Amino acid sequence: MTKRVFNFSAGPAMLPLAVLEKAAAEMTDYKGTGMSVMEMSHRSSTYQAIIDKTEADLRKLMNIPDNYKVLFLQGGASLQFAMAPMNLAKNKKIDFVDSGNWSSTALKEAKKMGMDCHVVASSQADNNTYFPDFKAEDVRKDADYLHVTSNNTIYGTKRMNLPKLSIPVVSDMSSNILSEVFDVKDYGLIYAGAQKNIGPAGVTIVIIREDLVGLVPNLPTMLDYKTHVNKGSMHNTPPTYSIYLAGLVFEHMLAQGGVPYYEKLNKEKAEIVYNAIDSSKLFKAHVKKGPDRSLMNIPFFSGNEDLDKKFIKAAEAEGLLTLKGHRNIGGMRASIYNAMPIEGCRKLAEFIAKFDKENA
Ligand SMILES: Cc1ncc(COP(=O)(O)O)c(C=O)c1O
């Protein structure tokens, strides 16, 4: 029997066991080719079929319209902090919703490139305990785009419904892509590192509306979306194995019932964990009750560092791993991405209740 733990890591994070088992079965001989996918030329017809199916399945899962291109890039979401401004900000004007560490990192990167950056709304002053509200009028009409981070991995806030704008919205969906249903048409560009809801680290998904490709001339070849659009993400060697595994995850997700299935499950899972925290005497969630609470990342605290340490250690002994909070805010964080089974959330909730009873 394989030993599996409930791993609450913020990323790289759990992958579905069925996917890992399929990858293991295909590891040394992919469909009778006598080689592993990671040994295979990216120019082979076998590999082309893998990347084509991966894209087609992602399109199905997210209902991506034909006028959007799907790219499989490298450099993580962090490279998109630079690529998005470089490619889309032809007037060098960008508005930002500052909802936490990752959005301010994206903003800093744009500023470094000489962009005129304007913060539309920020929750920093309140330690990002909510998602900052804003109205369409708060956004500059002549900005090239508005940048948002749909889910704040560190602070545990999220927002998917934004005011309708006349300028494109660029969203960093690294930590909640594929976790709930939303309309791709509301965005000009979506990007996400794979290592939370998609697959292993090494591939970054970019979904870009066609008319936003090629706005700025003479960019370095690898940093130009146009290069990757024109070459089907094959200008150079793509992260072949990470793409293959992402494809297995997409296939698995479709078989389970697609994003609506995961949205329902994610809501149930999150409710189990939030309820346990809210009904305890010792613990408090970082984000107050309501729609701003992330379905993916749940930071919580006892307010006593020693007790937090004791909790994390005792949880480990129960097979509940990687619950230590991000260094920016301390405490605990339960990351419960799509692949975290509901049993993991139940077990965590039971453990919170037990620890609370014994230590309150
Ligand atoms: C919301 C968000 N954006 C960006 C990043 C950085 O991603 P990467 O490590 O892929 O560059 C992370 C990583 O956790 C994240 O959670």
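Contact here means heavy atoms within 4.5 Å. Axes are lines fitted to C-alpha atoms, for helices over the stretch in contact, and angles run from 0 to 180 degrees between N-to-C directions. Helices (H or I, at least four residues) and strands (E, at least two) are DSSP runs, numbered from the N terminus. The model is predicted: local features need pLDDT of at least 70 and side-chain atom pairs count only at pLDDT 80 or more, while totals for chains, interfaces and linings use all residues. Residues are numbered from 1 along each chain as its sequence is written, and side-chain values use heavy atoms, with hydrogens and water left out.

The chain is divided into domain 1 (18-255) and domain 2 (257-359), with bounds that come from an automatic or database domain assignment. The C-alpha centres of the two domains lie 27 Å apart. Domain 1 gives 28 residues to the contact and domain 2 gives 25 residues.

An open sheet of 7 strands has the order β2-β10-β9-β8-β5-β3-β4, and its pairing is mixed; two strands pair if DSSP finds at least two bridges between them. Strands β2 and β4 (116-122) form the edges, each pairing on one side only. On average, neighbouring strands of this sheet are turned by 20° against each other, direction ignored. Strand β3 (residues 93-98) runs parallel to β4 and is joined to β4 by 6 bridges. Within this pair, Asp 95 has His 118 of β4 as its bridge partner. Helix α2 packs on the sheet, where it touches β2 and β10 (204-209), and its direction makes about 130° with that of β2.

Helix α2 (residues 45-62) also packs against helix α6 (residues 240-256), at an angle of about 45° and with the axes 9 Å apart. The two helices are therefore oblique to each other (angles under 35 degrees count as roughly parallel, over 145 as roughly antiparallel, 65 to 115 as roughly perpendicular and the rest as oblique). Among the residues that make the contact are Tyr 47, Ile 50 and Asp 57 of α2 and Ile 243, Phe 250 and Leu 254 of α6. By class, the residues of this contact divide into 11 nonpolar, 3 polar and 4 charged; Ala, Val, Leu, Ile, Met, Phe, Trp, Tyr, Cys and Pro count as nonpolar, Asp, Glu, Lys and Arg as charged, and the others, Gly among them, as polar. In the loop between α2 and β2 (68-73) is Asn 63, whose phi is near 55°, a positive value in a residue other than glycine.

A second open sheet has 3 strands in the order β11-β12-β14, with antiparallel pairing. Because β11 (284-285) and β14 (332-335) stand at the edges with a single partner strand each, one side of each is left without a neighbour in the sheet. Strand β12 (residues 297-301) pairs with β14 over 4 bridges in the antiparallel sense, and Pro 299 stands opposite Arg 333 in β14. Helix α7 (residues 258-278) lies across β11 and β12 and runs at about 10° to β12.

Helices α8 (residues 305-317) and α9 (residues 342-359) pack at an angle of about 135°, with their axes 11 Å apart. These two helices are therefore oblique to each other. The contact includes Leu 307, Phe 311 and Ala 314 of α8 together with Leu 348, Phe 351 and Phe 355 of α9. The residues of the contact divide into 8 nonpolar, 1 polar and 1 charged.
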